[in-house]
Amino acid sequence: MTLDAQPFLYDIGKRTDYVGFGHEEQVEHIKAYVCKPSSVTDKAVIVIHDIYGWQFPDIRYIADLVAAEGYVAICPDFFLGKKPWTSADHWAEFGDWLKDRDPTKVDREADVVLKYLKEQCSAKKIGVVGFSWGGMAVHHLMLKNPELMTGVSLYGIIRDSDDRYNLLNPTFFIFGEKDHTISYDQIILLEKKLKQYCQVEYRIKVYPGQVHGFAELKPEDMKPRDKPYIEEARKDMMNWLKTYV
């Protein structure tokens with residue numbers, strides 16, 4: 001089946017039964033969802049999931065969106081088989097759940113995925129995008145891994161590291177104005193410190209009225225006024241990738 005970018009940009013809605021255009025694959029010790037474009041390419045993007053894991057329909061839909069734009073897209077299970085968060089879990093237990101799912105400890109897995117993309121997919125240009133938990137992982141990787149040509153972190157930042165501003169390659173940070181997990185003061189601090197320490201291109205954009213998770217697929221009863229911002233964030237994400245990968 002040929003992937004077409006247009007439906008992905010404008011078809012917004014929750015997909016509990018979404019299967020996807022790609023397939024699951026074992027990449028050394030990591031399970032992954034892989035989706036390839038209809039034409040041969042040497043460009044690839046790693047899509048890092050949020051707390052709901054690599055099998056969550058919404059994140060696979062995003063991976064398919066990326067593939068539709070001409071990239072090999074891979075969404076690896078960076079939880080390594082550990083149970084993802086679910087809507088039935090209690091937020092009081094979130095801290096304990098997160099202890100062995102640290103988004104700043106994904107370096108080994110990132111190296112495995114990079115090796116796979118280079119050796120099995122002939123990728124020469126590789127970027128990374130991540131959502132929430134995955135956004136924090138992107139922020140970390142853009143500080144540590146020079147092989148990643150660019151990164152897009154959607155509503156995820158590292159808060160507890162003094163050296164979190166010296167990015168290695170161009171990075172785009174996307175936030176919602178009304179995100180309950182990231183305050184506006186934290187965004188202002190990030191911008192101030194990046195201006196002071198960062199020596200590569202970066203961008204920070206805050207989308208008016210939007211909450212945490214807005215750029216991923218929304219529930220079917222989403223407010224119509226949110227739709228333009230979801231579309232805008234997706235287009236901004238893809239335009240950033242196209243600029244650097």
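## A walk through the strands, helices and cavity

In helix α2, the buried residues are Pro57, Asp58, Ile59, Arg60, Tyr61, Ile62, Ala63, Asp64, Leu65, Val66, Ala67 and Ala68. Buried here means under 20% relative accessible area, while exposed means over 50% and partly exposed lies in between, with a 1.4 Å probe and protein chains only. Helices (H or I, at least four residues) and strands (E, at least two) are DSSP runs, numbered from the N terminus.

Before going on, a word on the model. This is a predicted model, in which local features need pLDDT of at least 70 and side-chain atom pairs count only at pLDDT 80 or more, whereas totals for chains, interfaces and linings use all residues. Residues are numbered from 1 along each chain as its sequence is written, and side-chain values use heavy atoms, with hydrogens and water left out.

Back to α2. Twelve of the twelve residues of α2 are buried, so the helix is largely enclosed by the rest of the structure. The expected span of a helix is 1.5 Å times one less than its number of residues. For the twelve residues of α2 that gives 16 Å, and the end C-alpha atoms are 16 Å apart, which agrees. Ala67 belongs to α2, residues 57-68, and counts as buried because its relative accessibility is 1%. Ala67 also sits 6.1 Å from Cys35, C-alpha to C-alpha, although 32 residues separate the two in sequence. Just after α2, Gly70 takes a positive phi of about 105 degrees.

Now look at the strands on either side of this helix. Two strands count as paired if DSSP finds at least two bridges between them. Strand β3 (residues 43-48) is mostly covered, with five of its six residues buried. β3 pairs with strand β4 (residues 72-76) in the parallel sense over three bridges, and Val45 stands opposite Ala73 in β4. The chain crosses from β3 through α2 to β4, and this β-α-β crossover is right-handed. Right-handed means that, with the strands pointing away from the viewer, the path from the first strand over the helix to the second runs clockwise.

Lys43 has Lys125 as its bridge partner in β5, and Val45 stands opposite Gly127 in β5. Which strand pairs with β5 over five bridges? That strand is β6 (residues 150-154), again in the parallel sense. Here Gly127 has Thr150 as its bridge partner in β6. Six of the seven residues of β5 (residues 125-131) are buried, so this strand is largely enclosed by the rest of the structure.

The next helix along is α5. Together, β5, α5 and β6 make a right-handed β-α-β unit. Ten of the twelve residues of α5 are buried, so the helix is largely enclosed by the rest of the structure; among them are Trp133, His139, His140 and Leu143. At 1.5 Å a residue, the twelve residues of α5 (residues 133-144) should span 16 Å, and the end C-alpha atoms are 17 Å apart, which agrees.

Two serines deserve a look at their backbone angles. Most residues other than glycine have a negative phi. Ser132, in the loop between β5 and α5, has a positive phi of about 60 degrees although it is not a glycine. Ser122 has a positive phi too, near 60 degrees, and is found in the loop between α4 (107-120) and β5. Is each serine buried or exposed, fully or partly? Ser132 is buried, with a relative accessible area of 14%, whereas Ser122 counts as partly exposed at 47% relative accessibility.

The C-alpha atoms of Lys193 and Tyr165 are separated by 6.4 Å, with the two residues 28 apart along the chain.

The structure holds one cavity of 30 Å³ or more. On a 1 Å grid over the protein atoms alone, a cavity is a set of points where a 1.4 Å probe fits but cannot get out, and lining residues have an atom within 4 Å of a point. Grid points are joined across faces, edges and corners, and a volume is the space filled by probe spheres set on the points. The largest cavity has a volume of about 30 Å³, and its lining consists of Ile62, Phe131, Leu154, Ala215, Ala233, Arg234 and Met237. Helix α7 (residues 227-244) gives the largest share of this lining, three residues.

How values were computed: On a 1 Å grid over the protein atoms alone, a cavity is a set of points where a 1.4 Å probe fits but cannot get out, and a pocket is an open set with protein on both sides within 12 Å along at least five of seven lines; lining residues have an atom within 4 Å of a point.
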